[in-house]
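Please keep the sequence and the 3D view open while reading.

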Amino acid sequence: MATPALSCYADGTALTQAPEIPTAFAKARINAWQQFEEVLPYLLLGVLIGSFIYGFIPSEWIAAHAGADNPLAILFSAIVGIPLYIRAEAVIPLASVLMSKGMGIGAVMALIIGSAGASLTEVILLKSMFRTPMIVAFLTVILGMAVMMGYLTQLLFS
């Protein structure tokens with residue numbers, strides 16, 4: 001004689017898996033993961049560039065190209081800073097390392113403002129919402145502010 005199947009229902013029907021109903025939290029988690037996957041390559045690129053600067057670029061090179069005596073160092077630092085993604089937690093240690101390697105304070109300020117004002121991931125996100133002239137205007141303002149504050153910082157604190 002066959003043994004009856006175990007069932008949670010009185011009529012003996014088998015238990016089936018309930019349909020999955022995504023909650024707001026589950027939808028948010030899925031959306032956050034998708035955005036993370038989109039941004040991850042750019043984050044890794046930023047970490048790679050920062051690691052390369054820290055480990056392989058000699059102090060003499062930084063002092064020669066981004067030192068306080070180079071008037072174009074501030075402009076160069078602002079341009080380099082814009083595509084980088086530098087988190088707020090990393091700014092102080094990075095600034096400390098760069099200044100200890102000979103980078104001028106104005107160039108460090110321009111790098112910080114440029115990287116805080118815009119990053120490659122932010123520009124990609126904004127590109128999905130705005131047209132190119134608006135993106136160019138945004139980047140021009142960030143670059144202008146970074147350069148202006150870099151020269152002002154250099155003037156006041158060196």
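## Basis of the report

This is a predicted model, in which local features need pLDDT of at least 70, side-chain atom pairs count only at pLDDT 80 or more, and totals for chains, interfaces and linings use all residues. Residues are numbered from 1 along each chain as its sequence is written, and side-chain values use heavy atoms, with hydrogens and water left out.

## The whole chain

The protein has 7 helices and 0 strands, so its pattern along the sequence reads α-α-α-α-α-α-α. Helices (H or I, at least four residues) and strands (E, at least two) are DSSP runs, numbered from the N terminus.

Of the 158 residues, 25% are buried, where buried means under 20% relative accessible area, exposed over 50% and partly exposed in between, with a 1.4 Å probe and protein chains only. The accessible surface comes to about 11200 Å², and 73% of that area belongs to carbon and sulfur atoms. These areas come from the Shrake-Rupley method with a 1.4 Å probe; for residues, only the protein chains shown count as cover. Among contacts (heavy atoms within 4.5 Å) between residues at least 6 apart in sequence, 77% join residues at least 24 apart.

Two packed helices are described by the angle between their axes and the distance between the axes. Axes are lines fitted to C-alpha atoms, for helices over the stretch in contact, and angles run from 0 to 180 degrees between N-to-C directions.

Helix H6 (residues 120–127) packs on helix H7 (residues 132–157) at an angle of about 150°, with the axes 10 Å apart. That makes H6 roughly antiparallel to H7; angles under 35 degrees count as roughly parallel, over 145 as roughly antiparallel, 65 to 115 as roughly perpendicular and the rest as oblique. H6 passes H7 in a right-handed crossing. A crossing is right-handed if the near helix is turned clockwise from the far one by less than a right angle, and left-handed if anticlockwise. Glu122, Val123, Leu126 and Lys127 of H6 make the contact with Thr132, Ile135, Phe138 and Leu139 of H7. These residues divide into 5 nonpolar, 1 polar and 2 charged. Here Ala, Val, Leu, Ile, Met, Phe, Trp, Tyr, Cys and Pro count as nonpolar, Asp, Glu, Lys and Arg as charged, and the others, Gly among them, as polar.

The axes of helix H3 (residues 73–81) and H7 come within 9 Å and cross at roughly 140°, so H3 and H7 are oblique to each other. Their crossing is right-handed. On the H3 side, Ile74, Leu75, Ala78 and Ile79 meet residues of H7 including Leu143, Ala146 and Tyr151. The contact holds 8 nonpolar, 2 polar and no charged residues.

H3 also packs on helix H5 (residues 105–117), with axes that come within 7 Å and cross at roughly 25°. H3 and H5 are therefore roughly parallel, and their crossing is right-handed. Among the residues that meet are Ala73, Ser77 and Gly81 in H3 and Gly106, Ala110 and Gly114 in H5. This contact divides into 7 nonpolar, 5 polar and no charged residues.

## Thr153

Leaving aside residues up to four places away in sequence, Thr153 touches Ile105, Gly106, Met109 and Ser158.
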